[in-house]
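Please read it alongside the sequence and the structure shown below.

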Amino acid sequence: MSKVLMIHPDRCTGCRNCELACSFLHENVFRPVISRIHVFSWEREGISVPMMCQHCDNAPCVNVCPTAAMHRNGTTNWVEWNETNCIRCKMCTIACPFGNAVYDSITNKIVKCDMCSGDPECVKFCPNKVLEYADDTSAVRSRKKAFSAKFKEAFKEVTQEVK
Amino acid sequence: MYGWTGTILRINLTDSSIRKEATEPKLAQQYIGARGLGTKIMWNEVDPKVDPLSPENKLIFAPGPLSGTFAPSASHYNVVTKGPLTGTIAASSSGGVFGPELKYAGYDAVIIEGKAEKPVYIWIKDDQVEIRDASQIWGKTTQETTESLRAATDDDAKIACIGPAGEKLVLIASIMNEMNRAAGRSGVGAVMGSKNLKAIAVLGSGAVRVADPVAFKAAAVKARQKIMAHPVGGQGLKAYGTDILVNILNGVGALPTRNYRESIFANADAVGGESLTARLLIRPRACNACVISCGRATEVTAAKYQGIGEGPEYEAAWAFGPDCGIDNLEAGVKANFICNDLGLDSISVGATIACAMDMYEDGILTLKDTGGVALNFGNVDNMVEMVRQTGLREGFGDKLSMGSYRLAESYGHPEYSITVKKQETPAYDPRGVQGIGLNYATSNRGGCHVRGYTIAVEVLGNPVKLDQYTTEGKAQTVIAHQNLTAALDSSGECLFATFGIGAEELAELVSTATGVLYSTDDFMKAGERIWNLERLFNLKAGIGGSEDTLPTRMLKDPIKSGPSKGHVNELDKMLPEYYQQRGWNAKGIPTKEKIMELSLNLSDRDINEIQSKEKVKEVPIKR
């Protein structure tokens with residue numbers, strides 16, 4: 001059965017251990033800008049929201065990719081990036097509605113969550129159980145949807161605040 | 001370099017010059033970073049006799065080698081300068097993300113020199129550094145400043161800034177970062193204000209590298225597990241915040257009440273962490289890489305004290321609560337929000353108001369002095385109003401803005417000020433907890449608990465429990481805590497990591513991060529070196545053994561009631577032993593042998609100048 005990464009933003013304290021762990025595992029250095037997960041904090045309201053690739057069912061990054069470097073893995077159902085096939089046109093970074101695919105000029109890579117090949121480091125380093133690696137059952141899906149609704153609410157609040 | 005970035009940024013605001021210099025590996029090794037490295041730079045470059053608010057003073061923002069890594073709770077940077085409140089070296093530590101961000105931008109320290117002609121802020125984006133006009137944001141609160149500067153620079157920029165208090169040279173002004181994190185003590189905000197520097201905005205896209213990634217990760221994971229398994233580090237602080245201490249200190253009869261007139265407070269629970277959690281907490285908050293989450297996002301909906309923000313932590317809850325004879329939690333939270341917004345040290349502000357209340361109760365201050373504001377103990381609304389007036393130097397707040405020592409002295413009654421070296425002591429009564437009194441008396445930045453937090457052993461039993469009332473062995477306990485904390489502060493760690501790990505784990509983290517092998521002893525030795533250099537700085541500034549004392553109230557007036565009834569602080573039983581074990585002479589001056597042993601590399605002229613001070617100084621303890 002495929003697995004998904006669920007986010008519980010209501011539990012997030014904004015510590016960014018996930019970002020640091022992600023960067024260190026993938027790059028061997030602490031460089032949060034190329035972490036595959038990012039935590040955005042609004043200090044005035046005390047809210048933090050982790051953002052990462054949603055591995056969308058109908059993924060705009062896959063649809064837009066001219067070389068199929070961005071593709072769906074048939075076994076895991078995750079969206080994956082192939083470094084060799086990629087021509088660095090960066091269309092995927094524009095297509096992603098969440099901004100979760102990013103190009104890093106220093107490493108010349110598209111930076112996007114790869115689920116750590118099934119053992120996500122961010123989940124291991126989160127001290128507050130904000131991130132959950134769970135079987136992709138219908139029960140989990142419905143919970144995931146409930147949390148995404150919270151996301152929406154959080155964003156609405158923040159957007160209003162900014163305006 | 002590993003751990004360290006290898007670059008120090010030097011900005012002179014007088015001539016607008018910006019320079020990048022190499023971090024000297026030898027100094028980094030000896031003084032680790034942050035507090036230690038900053039103090040060494042101060043020692044090398046600034047005359048300790050300098051007026052703290054003059055352009056000749058320098059202001060150093062320095063993270064440590066662990067800042068920016070995932071060493072648990074390694075979020076800190078230190079602001080190092082000569083403090084205007086105390087006249088001593090000041091090293092004020094703050095968490096959040098600002099310190100790590102300086103590392104990602106590529107810097108081990110930012111040294112600010114001189115004074116800008118008009119208000120400016122500094123924008124650091126990796127290696128691009130600009131001094132920009134700040135006239136539009138001068139006068140704004142820390143929240144407004146943070147939001148304005150993010151709009152002007154980058155939405156993700158991390159901002160350290162002063163509020164109106166720092167601009168107006170309030171001697172108890174703080175520097176705030178990410179709105180709610182404070183480099184709070186010794187008046188560092190006033191130094192920033194004196195330089196016409198409103199803020200530093202920083203955004204970094206670079207990396208912090210460690211020397212041995214595999215060993216570093218193993219050390220960090222082990223340290224995390226220890227902290228998370230600890231009852232205080234892993235559970236208590238996340239559930240209730242540091243405010244959990246209100247009921248604990250009240251229970252052992254050492255919760256200073258009404259400006260230290262008493263040491264238990266009848267309705268303490270009303271302002272404790274349990275009440276805060278039940279009534280006003282939104283959720284716990286954490287600094288970078290933290291596994292503890294002691295921060296409190298809180299909201300008050302009651303119209304009178306309405307607001308949303310962070311805190312209070314224990315010290316602020318005490319300062320605006322029991323110390324002022326107040327049991328109104330919402331008012332304390334509001335007072336703390338005002339401190340964050342105006343950029344004030346909540347400990348010193350609350351304690352200064354408590355001192356004024358004490359003088360008012362005894363008729364030394366009258367309504368004529370206070371601008372018609374009644375300052376009896378327990379006067380909730382006027383306490384909150386005085387916080388605001390202090391930050392803006394309005395009305396009687398102008399007097400309060402000098403801190404309690406100068407306030408009480410100006411009315412001819414310095415004994416009402418509960419301060420050491422002119423800085424307000426925090427929320428642990430040293431009559432009921434002996435060792436913390438010795439730590440207050442000898443602290444290099446004046447009255448302060450986080451130079452040597454012996455409360456850990458004397459009250460909380462971490463890692464072992466010592467009798468709170470005995471003086472025996474406390475000199476050694478205080479020295480060990482002071483040395484460890486000096487090294488820890490210099491590494492970029494948060495003091496709360498010691499609820500789980502100690503010198504051994506910290507030495508391992510710093511060693512694997514930097515590639516410089518620190519044994520546990522080396523790490524502690526670095527802490528001792530830093531402590532002694534701070535002491536030497538203060539001695540050259542003219543502050544020595546005769547200032548290693550406590551307020552008369554702590555030494556002479558026994559606690560009136562509660563578990564600690566009848567106790568005073570017996571400093572005279574501990575201080576001579578402290579000097580001796582420190583390798584200092586009877587006047588509290590480091591001996592030549594100790595200076596050599598610690599490789600402090602002082603010139604003979606410096607040593608002679610410092611040694612000659614003992615001839616003019618009186619006996620160490622005032623009685």
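Axes are lines fitted to C-alpha atoms, for helices over the stretch in contact, and angles run from 0 to 180 degrees between N-to-C directions. The model described here is a predicted one.

**Helix packing in chain B**

- Helix H7(B), residues 213-229, packs against helix H20(B), residues 503-514, at an angle of about 155°, and their axes lie 9 Å apart.
- Because of that angle, H7(B) is roughly antiparallel to H20(B), the cut-off for this description being an angle over 145 degrees.
- The crossing of H7(B) and H20(B) is left-handed.
- On the H7(B) side the contact is made by Ala215(B), Phe216(B), Ala219(B), Ala220(B), Lys222(B), Ala223(B) and Lys226(B), while H20(B) brings Glu505(B), Glu508(B), Leu509(B), Thr512(B) and Ala513(B).
- Sorted by class, the residues of this contact between H7(B) and H20(B) comprise seven nonpolar, one polar and four charged.

**Interface between chains A and B**

- At the interface, 29 residues of chain B are in contact with 21 residues of chain A.
- On the chain B side, two or more residues each come from H7(B), strand S13(B) (281-285) and strand S15(B) (307-310), and S13(B) gives the most, with four residues.
- The side of chain B that touches chain A has 15 nonpolar, eight polar and six charged residues.

**A loop residue in chain A**

- Val33(A) sits in the loop between helix H1(A) (17-27) and strand S2(A) (37-42).
- With 18 other C-beta atoms within 10 Å, Val33(A) is partly exposed.
- Val33(A) and Ser23(A), ten residues apart in sequence, are 8.3 Å apart in space, C-alpha to C-alpha.

Terms used:
Residues numbered from 1 in each chain as written. Chains lettered and ligands numbered in written order. Predicted model: local features only at pLDDT ≥ 70, side-chain atom pairs only at ≥ 80, totals over all residues. Parallel < 35°, antiparallel > 145°, perpendicular 65-115°, else oblique. Left-handed = near helix turned anticlockwise from the far one by under 90°. Contact = placed C-beta atoms within 7 Å. Nonpolar A, V, L, I, M, F, W, Y, C, P; charged D, E, K, R; others polar. Buried ≥ 20, exposed ≤ 12 C-beta atoms within 10 Å, placed from the backbone.
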